[in-house]
Each structure stands twice: as C-alpha cells, then as structure tokens.
Amino acid sequence: MKNDNLDKMLNLVDDKYLGEANPENTQVGQKSNKTLKWSTVALCACLVLLVLNVGILIPFLNRSNDDPLIPGPDGEGDVIVEVPGNESLNWEASEPQTSVPSDYDEIKAEIDALWELNDVKEEINNEAVKDQINDALEDESQEGSSESIGKQEQGVIKPTTDNQVDGVEEADIIKRTSTHIFYLRGKFLSVYKIDGASTKKVSSYALGGIIQKINEKIKSSYEDDKKEDIIDDSYVGSYNWEMLLVDGGKTINIITQSDAVCPHVTIISLNVENPENISLKRVVTTLGRYETSRVVNNEILLFTTSSAGGFFLPQYNDGNGYKYLPKDKIFVPDSGVYSTNSYMVIQRLDAKTLDTNDAVAFYSYGRGEVISYNTDIMEITRAGAADKPIIYVSNENIYITRTYRIITNWGRSVSKDACEITRISYTDSTLSYAKDQYIVLDGYLNNQYSLDERDGILRVVTTINERGYDEINEKYVTTVSASIYCVSINEMKTVGRNTNFAPNGERVRSVRFDGNYAYVCTAVAFTDPVFRFNLTYPTNIGYIKTDDISGYSTSLIQLGNGYVLGIGYGETSQSLKVEVYKQSGDELISVDSYEVENAYFSEEYKSYFIDREKGLIGIGVTHYAYSGDEAHRYLLLRFDGTKITEQLNTTLTGTRSLTRAVLIGEHLMLFSDTQFKIVSVGFFDDIFTN
Amino acid sequence: MDDKDIVMLYWQRDERAIYETDKKYKKYLQYIANNILSSDLESEECVNDTYSRAWGSIPPSKPDKLSLYLGKIVRNLAIDRYNASKAQKRKGNYDLAYEELSEIIEDGSLSSPADQIALRDAINSFLGSLPEIKRVIFLQRYWYNCSTRDIAVKNGLSEINVKVSLMRLRKKLKKHLEKEGIVL
C-alpha cells in the first residue's frame, strides 16, 4: 500500500518540475567547460602537491590490515581511512578530482609515485582473503547441491555458444557436455541429464549464498555506523551471471558482477565432474566492473574496468589477495588522449585453478564517467555512442577499444567520433603490449563483430559521425555514414580502406566477417542495404550490395556456402524479419525472408539458436497476436537453400534475451528464466557443409 | 525533429514516429528504466514496450512534452517489471529510494478523486516552495531514481551534501503533508 501511494503521489508531479529535473538537461550548478579547462590546471597542481606531501589520492587504498578484501570507496563521505604508518586520514579530504593530467609523462609519473607509496602494502591482504575463501568453502554444504542425487559421470564438452572466433570460447548462461546441460537461471545453476524426451533437471546449485557472503564481507569492512550511507547499489541481478565450462567438462567457472559498496567481480569455480553432486572448488573476487571473458587453451581472459574520481592504482586479485599491478604492467595510451580517469584490467587466469598467470592494466580504457579533456589542438569528449568498451579476442591477439569525440574547434561546431584500438598479444606466457600498438580510426564501433583478424590484417567497420562547416554554403554539415578499414597488425597502420560507403544518414546496424568477405548492414530508418566487401586484396577493397530492402538486420550470421543470414526488424520496430542473402552475379540478393509483424524480439545474439549444417534458426519472440503467456513464443525456422519455413511455433515464457535452445537428436530443449520445455521436432538432415 | 513533428507522425500513423522517438529519446528512457531495473537488457525491453504503448495511446493522446509522456510510461513499466521479479533481486536504486521516502508516510488509503486532487496540489505546492536545486535533487532521486552519487556528479555537489539535502527534504515533505492533512 505504501509503495502504491508513493507511486500515486509521484505520478502527480507537475510536468514542469519533471522537465526541470530531467537528468539529461543542463545541470544545476555544474561548471562550464571553459571553467573546467582552467580548473584542470589548478587541480593538476593540487594533485601533484597532495601526492608529494600526503599521498592520499588513492581511492583503492585498503582500510586496515584486517580488512582484506575491500578497496576504498571512490570519494565516499567522511569515512576515516587507515593507512600504513597509523596515519589517520579523512576521506573527505580526498574529494575526487574531475580532471586528470593531460600529458603522458605526467600520468606515468603519477602512477609511479602512487606505486612507490603503496608498494610496501602488497602482501597485507593474503591471510584474510584466504579466510574469506575458506569461509565460503566451509559453507558449501549449506549453499549448494540441495537437490543432488547419486553419482553420475560427466561427458565431454559439446558446443552450445555460437562463438565469434573458433577456439575462443565465450561465456554464456548455457553450456553442455555429451551427458548434461547446465543452465544458469539467475543465481541458480540447474543441471539437466540428457535422455531424449525424458531429459530432466537432476540437480541445482544455489549461488546466492556465496555472493551474499562476499557482499557482507565487503560491507563489514566499513564502519558499522556508516553502512547505510555507503551501501547504495547492492543489486545482484540475474542477468549479470555467465559461465564458462572448462577442464574437459569437469569445471564450471561462474562469473558475476555486483555493485555492493563498490563494483566487484566474483568467479565461483565448481567441480562438476559428477554433475549431480556439484562441489565448490574456489571463489575469487576481483575489483571492477565485469566487461567480458574468454577461454583460450584452458586460460580465462577476464576483462574488468574500474573507475574513480581521483587518481588511483589498479589492483587485481591473484587468488591470494589484492595486489597493485607492477609499474611495468600499467600502460598509458600513447595517443595523448586521456578521456576518463579509469582502467581496463586484463587478467589471465588458469581456468582450472583460477590462479592468475598475468595481469595488465590500460589507463583511460574504462567506461566513460568523466568528460574531459583538452590538448593543445583539440578537445576530447565522451562520444554519444559506445559507452561500453568493445573487446575482440582473436586466436593470438586481444583488441581493446575506446571511443571519444574529437572537437577541433572550440566553438564545438566541428567535431567527429573516433575509435582507438589497442592490440595486446597473448601468444606468449605473458600479455605483451608495445607502446605503438594502437591505431585511431574515424567513427565508432557497433560491437565486437565490427572487428576481425585474418592473415595479419585487422579488419574494422565503423559508423562515421562527423560535423563540419561548409564554407561555400555557409552552413554546418553532418555526415553519418560507414567505413571499412584494413589494418596491418604488426605496424597497426591502415593498409586499405573504403570510407563513407553508405549513403549519408545511414549508420552501421550489424557486421559479420566470413573469410575474405565482410557483410555490413546499414540503415537510416526501416530500410537497409546489405553490403558485401571483398577483402582478398586489402589495398583494393571492392563491394557489391543489395537494393534497398525494408527493415534492417541487427545480427548478420554467416551460414556457409556463400549464404548470410540476417536477423532484425521488418518494416517497423514492432516486427521480426529473418532474411538470407547470397551473391548473384554482380549483386547481393535476398534469397528468401520470413517476417512476423506485431512482435518483439531480443537483439541479444547469444539468445539465438543457430545450426549451420541443418540450416536451423531458433529465436524467442513476443507475438502480440497472442494474449497472456501465449504471446511468448519460440520459433524454429529452417533455410533449405531456397526457402525459409517455420518448423515450430510454441509457447515459451520468460525473458526473451535469456532464452536458449539445444537440439539433441529429434528433441529441441528450450530454456528460459521461467521455463524448461522439450519439443519433438523430428530429425533434420544436414543441408550445408561448413 | 522536434516533439510536435514526432507527435504528428504518431497521429498520421506513420511508423517513422517510432524511429524518430527511438533516435531522440532512447538513451533518456533507458536511463530511467535502468535506474529502476539495473539491467541493460531488461531496460531495453522496457523501452521497446514503451514505444509500443506510445503507438497505442497517441492518438488519442497529444502530449505537449513527449519526453515526459514517454518518461512516465517507461517508469511505470519498469516498476511493474521490477515488482514482478523482485523476489529474485537485491535492492536497487528504486528500492533504496522508496525505503527512504516511505519513512515519512503512514499506511493510509487514497482512492477518491478528491484525495487525488488534494495529493496533486500538496506535492506540487511542496515542490514549488523549494529552491530549484533542492527540487532537482528531490525529483532526480525519487522520480528518476538516480543514485546519490549520480545526482552529486550531475549537479556539481558532493555526495554527502546530496544525502543531507535529501534527509532534510524528506522531513520537510512529511511536515508539509501533515499540514495539508494528507495521510499516504
């Protein structure tokens, strides 16, 4: 009743007040950009003085020797911070800075100075962190395996996730072996024993207790009377869970993100050798926000980002406690652009033991929180697009990216989006980065599928977003288009490009590389062309394209045999369209399409079921032609080389982005956050060879 | 494209209305939904449902301020979705903001149209009596469900300053409602 009445009251607030408080409006009391520029100089001076005299601008300082796990807050209130040497500092004194030094040498010097200050504390956390892990292990019997039954042997790993790169496994909420399927339903891991139409859930493992324990540990590190003020975003959502099946199907590593007190990532390692009696192996918590992960050759590549208002050193947990990264593992971009005061940390862990083999950090590659900065020739601001860092991992290299807007005119009228891509090699035992291994390209990236590496060339597709001044007609001109680049990975230099190939106004909606070809869908409204680029000769990039077709694809998927599948919108945003394209002479043509009007689907690529050999496509939709739960449908379509036909249209409740399907024999197993369903769909022969 | 033109597209049943709405307001709507749901994907679904609701309700509606019209829809959809899945979730901004605000109210009933009018006048006169910055802080916290940290950054204040302001505003609202004879 209380909440209902509060809702009623808040719904009656006058529009003029809501408009005034709109968080997107010009902020009350915020400094102008010009003021910020001048204050930057003063703040930098203060920063240097503070570091030299006190050394307190370290938001991730540990509180005390018996507070193992937890980083300090980023500018929280008036918490008292204990630092080595029993100096007691008022946290308010280290109110976060909103700007950062602009110069490479300055930033390196700050990092070095901070590192020297904290070097001595490197080992203080170990014992207490071990205690925390042991606590979790001791409680294992209470937390998990509540439905476990007799001993069952685990089979070998079978693919479920349609990975972008063969051999580079991506995390997902579903994984399977030859004998069992694992599905993460929020904070519960459900295990299904495969047995045709009799497939059923045989055990589940509760993960919430472990996360709760870790969060409580984090909270308890703060003084009791400050808890309520500090605990803000303690949400642990069902979406923020992913898993990796490793160690030949014997170990599952579940990765989850929590924002309790400070963002942190927890990896829970489970022994699933006997899937019906799962046991906890290890828990490792690391700082920052979870971005993504991969498994390559039994090593986990974990990508996290941390950000804070002030200057700080990146930390990581090597499995034995938190440590500051060594100076030579903290990299500052050589591009001269420092757009946010944040880091991306890449950790390389043994997938079986979770021991850390290596870790590196990249300054200013985190999520954008601070708008800054200026150099002598230009101003950099946060780009309108791509807040989330986009990461692509090939078989040999990691590419991390960030996007910013370059303003070349102080009147803010001439500007363009640019993306910076940095290459890190991981073929050796260490993550290696050379100072010149980056490139800045015009435009911003759509997602990880905008990048692809082949034969020493990185191929990149961007959306161009520029604003210039036409002096002849005396007016500003905005250009929105698309470009494709070929970059030599040894030199990180462009060797070929085709710029602004899309009609003005069209931005990139989806990209897929297939061998020497790149497929790109661009659109301005609900009409798209699909382009196919021939990248056989990177210095001479040619393309063919379709005529304008209604709708646009949000995912393009190579089916093999020259076919490309598009999943996206039809004529409106309330429709689903599945279409197959193929080259015919000098054209790219639509072979067939299937459309559902008055429907909604998820753009989450991992929610689609793709079986290339059998030409099968599965997708969850909400179809407004049905009512109630019936509106939640799962469609199985088949492309046979000429036609797309519907094979199944059944009810499947739950969140569309969380639907998954596995085809075993003649049975399609459907999973969602609210339902498990088996449907007999008959046997499908292989149509295509890949 | 300005709001008037977008609303005209809705009235003409032109599907570009959805595209233009998406182009102009997607980020804003996702911000509101995400403050309640704390999930990018769920927020995206909510925003899509908002477009569908807008398509179904304009016409007959002809909102003067499209942003606020859509903002109210997405907020209510996000709250419904949040409540539906509450059992599985930990506290987010929405719960924390409501917990703060519920300290000032009793468990009353407000069902008659007269109650609604009295409540509308009371809340708006309370807001009208505040300096702009205080009003903005109050609504960003309790209507837009922003975190206190976000509010501090957006308004160039320290977080402690925001928290103290909110505490005082809650007390002030409680007194104001009591004075107006309103029991929530």
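Me: Contact means heavy atoms within 4.5 Å. Helices (H or I, at least four residues) and strands (E, at least two) are DSSP runs, numbered from the N terminus. This is a predicted model, where local features need pLDDT of at least 70, side-chain atom pairs count only at pLDDT 80 or more, and totals for chains, interfaces and linings use all residues. Residues are numbered from 1 along each chain as its sequence is written, chains are lettered from A and ligands numbered from 1 in the order in which they are written, and side-chain values use heavy atoms, with hydrogens and water left out. So to start: which residues of H8(B) meet H7(B)?

Reply: On the H7(B) side, the contact uses B:Ile133, B:Val136, B:Ile137, B:Gln140 and B:Arg141. By class (Ala, Val, Leu, Ile, Met, Phe, Trp, Tyr, Cys and Pro are nonpolar, Asp, Glu, Lys and Arg charged, the others, Gly among them, polar), the H7(B)–H8(B) contact has four nonpolar, three polar and one charged. The partners in H8(B) are B:Thr148, B:Ile151 and B:Asn155.

Me: And at what angle do those two helices, H7 and H8 of chain B, pack?

Reply: Axes here are lines fitted to C-alpha atoms, for helices over the stretch in contact, and angles run from 0 to 180 degrees between N-to-C directions. H7 spans residues 132-142 and H8 spans 148-155, with axes 10 Å apart. Their packing angle is about 145°.

Me: What about H2(B) and H3(B), how do they lie to each other?

Reply: H2 (residues 16-37) and H3 (residues 40-57) of chain B have axes 8 Å apart and pack at about 135°. Under 35 degrees counts as roughly parallel, over 145 as roughly antiparallel, 65 to 115 as roughly perpendicular and the rest as oblique. So H2(B) and H3(B) come out as oblique.

Me: How many nonpolar, polar and charged residues make up the contact of H2(B) with H3(B)?

Reply: H2(B) brings, among them, B:Ala17, B:Ile18, B:Leu29 and B:Leu37, while H3(B) answers with residues including B:Cys46, B:Val47, B:Tyr51 and B:Trp55. The tally for H2(B) with H3(B) is nine nonpolar, five polar and five charged.

Me: H2(B) also packs on H4(B). What is the hand of that crossing?

Reply: H4 is residues 66-84 of chain B, and it packs with H2(B) at about 35°, axes 9 Å apart. A crossing is left-handed if the near helix is turned anticlockwise from the far one by less than a right angle, and right-handed if clockwise. The H2(B)–H4(B) crossing is right-handed.

Me: What do the elements of chain B look like, in order from the N terminus?

Reply: Chain B has nine helices and zero strands. From the N terminus on, they run α-α-α-α-α-α-α-α-α.

Me: Over to chain A: what share of its residues count as buried?

Reply: Its secondary structure is eight helices and 46 strands. Buried means under 20% relative accessible area, exposed over 50%, partly exposed in between (1.4 Å probe, protein chains only). Of the 690 residues in chain A, the buried share is 60%.

Me: Is A:Tyr519 buried or exposed?

Reply: A:Tyr519 sits in strand E30 (residues 517-523) of chain A. Beyond neighbours within four places in sequence, its contacts include A:Val511, A:Phe531, A:Leu556, A:Val564 and A:Leu588. Because its relative accessibility is 3%, A:Tyr519 counts as buried.

Me: How many disulfides are there over all chains?

Reply: A:Cys419 is buried at 0% relative accessible area, and B:Cys46 is buried at 1%. A disulfide is a pair of cysteine sulfur atoms within 2.5 Å. By that rule, the count over all chains is zero.

Me: Which loop holds A:Asn298, with its positive phi?

Reply: Most residues other than glycine have a negative phi. A:Asn298 has phi near 60°, and it is partly exposed at 46%. It falls in the loop between strand E13 (289-296) and strand E14 (299-307) of chain A.

Me: What is the phi of A:Asn561 near?

Reply: A:Asn561 lies in the loop between strand E35 (552-560) and strand E36 (563-569) of chain A. At 39% relative accessibility, A:Asn561 is partly exposed. Its phi is positive, near 55°.
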